[in-house]
Amino acid sequence: PPLEGANRPALDPTAFRGNVTVVNVWASWCAPCRAEHPFLERLASDKRIRIAGINYKDQPANALRFLMQLGNPFAMIGVDTAGRPAIDWGVYGVPETFLVGRGGLIRYKQVGPITAENYPRFVSEIEKALSER
């Protein structure tokens, strides 16, 4: 389901088809999620891709507060209160970020936060996914 109050639709995997989408699994209680957020904001400024979020085992009010404080880079936000969808994605913990190619397949997975050190690699993987037709 969508994050109530965020004014964004729920995660819709069918919307991934034909697009390059970054899916970030995050929570307001996760300190590394807070640290990586500026990198998600930077990625969101690239109009060739979309950023989707899965809010993981969080309280909706806390998640909304997090987004109000740091900005909302997400075009779609799904809520995973029980952790079941995260298991389906193969999430070990938060944050984790997936790059989904135009065909709907996961092209790259970043375990842990996006940082200054690994951001260039992530952008390189986005460029590769964008070049695939």
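## Order of helices and strands

Read along the sequence, the chain runs β-α-β-α-β-α-β-β-α, which comes to 4 helices and 5 strands; helices (H or I, at least four residues) and strands (E, at least two) are DSSP runs, numbered from the N terminus. This is a predicted model, in which local features need pLDDT of at least 70 and side-chain atom pairs count only at pLDDT 80 or more, while totals for chains, interfaces and linings use all residues. Residues are numbered from 1 along each chain as its sequence is written, and side-chain values use heavy atoms, with hydrogens and water left out.

## Burial and contacts

Buried residues, meaning those under 20% relative accessible area with a 1.4 Å probe and protein chains only, make up 45% of the 133 residues. Among contacts (heavy atoms within 4.5 Å) between residues at least 6 apart in sequence, 75% join residues at least 24 apart.

## Aromatic pairs

The structure holds 5 aromatic pairs, where rings of Phe, Tyr and Trp (its six-membered ring) pair if their centres lie within 6.5 Å, and planes under 30 degrees apart count as stacked, over 60 as edge-to-face and the rest as tilted. One of them is the stacked pair of Trp26 and Phe66, 5.0 Å centre to centre with 25° between the planes; Trp26 lies in strand β1 (residues 20-26) and Phe66 in helix α2 (residues 60-70), 40 residues apart. Trp26 counts as buried because its relative accessibility is 1%, and Phe66 is buried as well, at 2%.

Phe39 and Tyr119 form a tilted pair, 5.3 Å centre to centre and 40° between the planes. Phe39 lies in helix α1 (residues 31-44) and Tyr119 in helix α4 (residues 119-131), so this pair ties together parts that are 80 residues apart in sequence.

Conventions. Buried means under 20% relative accessible area, exposed over 50%, partly exposed in between (1.4 Å probe, protein chains only).
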